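Subject: Structure for your files

Dear colleague,

Please find the structure below, followed by notes on what turned up in it.

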Amino acid sequence: MLNVVTLIGRLVRDPETRTCDDGKIICKFSVAVSRNKDKTDFISCIAWDKLGQYIERHFHKGDFIGVAGSLQIEAYTTKHGDRASKATVVVDRFSFCGASYSESVRSEDPSEREESCSMFDVQYDEEELPFG
């Protein structure tokens, strides 16, 4: 089985970190990702410990980011008693991509506004792939 998610998009707001009861640090953020020309998805992400601290320090609302990790689905019961679920990407890698939003808006040269991302290799074992 393979559970790998790779996203490239813009941060919806500044990443936020907090320390859990067990001492681990969690960083939460959302990435806006274009599905097609007219649709955008807002994907919740988390990063743990030093990775999360690094993301919080170096990324801000509107910055272009690439993330890779695994998809985690949490089932819960709402306050009205309904069953619901939430998908979150647990980030284990990231990449700086292009200019920040404020820099790309200010630039008058279209070539400087292009969003490029030097993406990272996602490591996996080929024997785990569900197809041959």
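Strands S3 (25-36), S4 (39-48), S5 (64-77) and S6 (83-96) each contribute at least two residues to the lining of the largest pocket. Helices (H or I, at least four residues) and strands (E, at least two) are DSSP runs numbered from the N terminus. This is a predicted model, in which local features need pLDDT of at least 70 and side-chain atom pairs count only at pLDDT 80 or more, while totals for chains, interfaces and linings use all residues. Residues are numbered from 1 along each chain as its sequence is written, and side-chain values use heavy atoms, with hydrogens and water left out.

The largest pocket holds about 250 Å³ of space. A pocket here is an open set of points on a 1 Å grid over the protein atoms alone, where a 1.4 Å probe fits, with protein on both sides within 12 Å along at least five of seven lines; lining residues have an atom within 4 Å of a point. Grid points are joined across faces, edges and corners, and the volume is the space filled by probe spheres set on the points. The lining has 13 residues, and Lys28, Ile46, Glu74, Lys86 and Thr88 are those nearest the pocket centre. By class, 6 lining residues are nonpolar, 4 polar and 3 charged (nonpolar: Ala, Val, Leu, Ile, Met, Phe, Trp, Tyr, Cys and Pro; charged: Asp, Glu, Lys and Arg; polar: the others, Gly among them).

**Fold and burial**

The protein chain has 3 helices and 6 strands, in the order β-β-β-β-α-β-β-α-α from the N terminus. Of its 132 residues, 30% are buried (under 20% relative accessible area; exposed is over 50% and partly exposed in between, with a 1.4 Å probe and protein chains only).

**Aromatic rings**

There are 5 aromatic pairs in the structure. Rings of Phe, Tyr and Trp (its six-membered ring) pair if their centres lie within 6.5 Å; planes under 30 degrees apart count as stacked, over 60 as edge-to-face and the rest as tilted. Phe59 and Phe94 make an edge-to-face pair, 5.7 Å centre to centre with 90 degrees between the planes. Phe59 sits in the loop between helix H1 (49-58) and strand S5, and Phe94 in strand S6, so this pair ties together parts that are 35 residues apart in sequence. Phe59 is buried at 1% relative accessible area, whereas Phe94 is partly exposed at 21%. Phe94 also pairs edge-to-face with Phe96, with centres 5.8 Å apart and planes at 75 degrees. Phe96 is partly exposed, at 43%. Ring pairs join Tyr54, Phe59, Phe94 and Phe96 into a cluster.

The charged end of Lys24 sits over the ring of Trp48, 5.8 Å from the ring centre (the criterion is NZ of Lys or CZ of Arg within 6 Å of the ring centre and within 35 degrees of the ring normal).

**Cysteines and one backbone angle**

The search of the whole structure gave 0 disulfides, a disulfide being a pair of cysteine sulfur atoms within 2.5 Å. Cys27 is in no disulfide, and the nearest cysteine sulfur, that of Cys45, is 9.5 Å away. Cys27 is buried at 0% relative accessibility, and Cys45 is buried at 2%.

Asp49 has a positive phi of about 50 degrees, although it is not a glycine. Asp49 is found in helix H1 and is partly exposed, with a relative accessible area of 30%.

Regards
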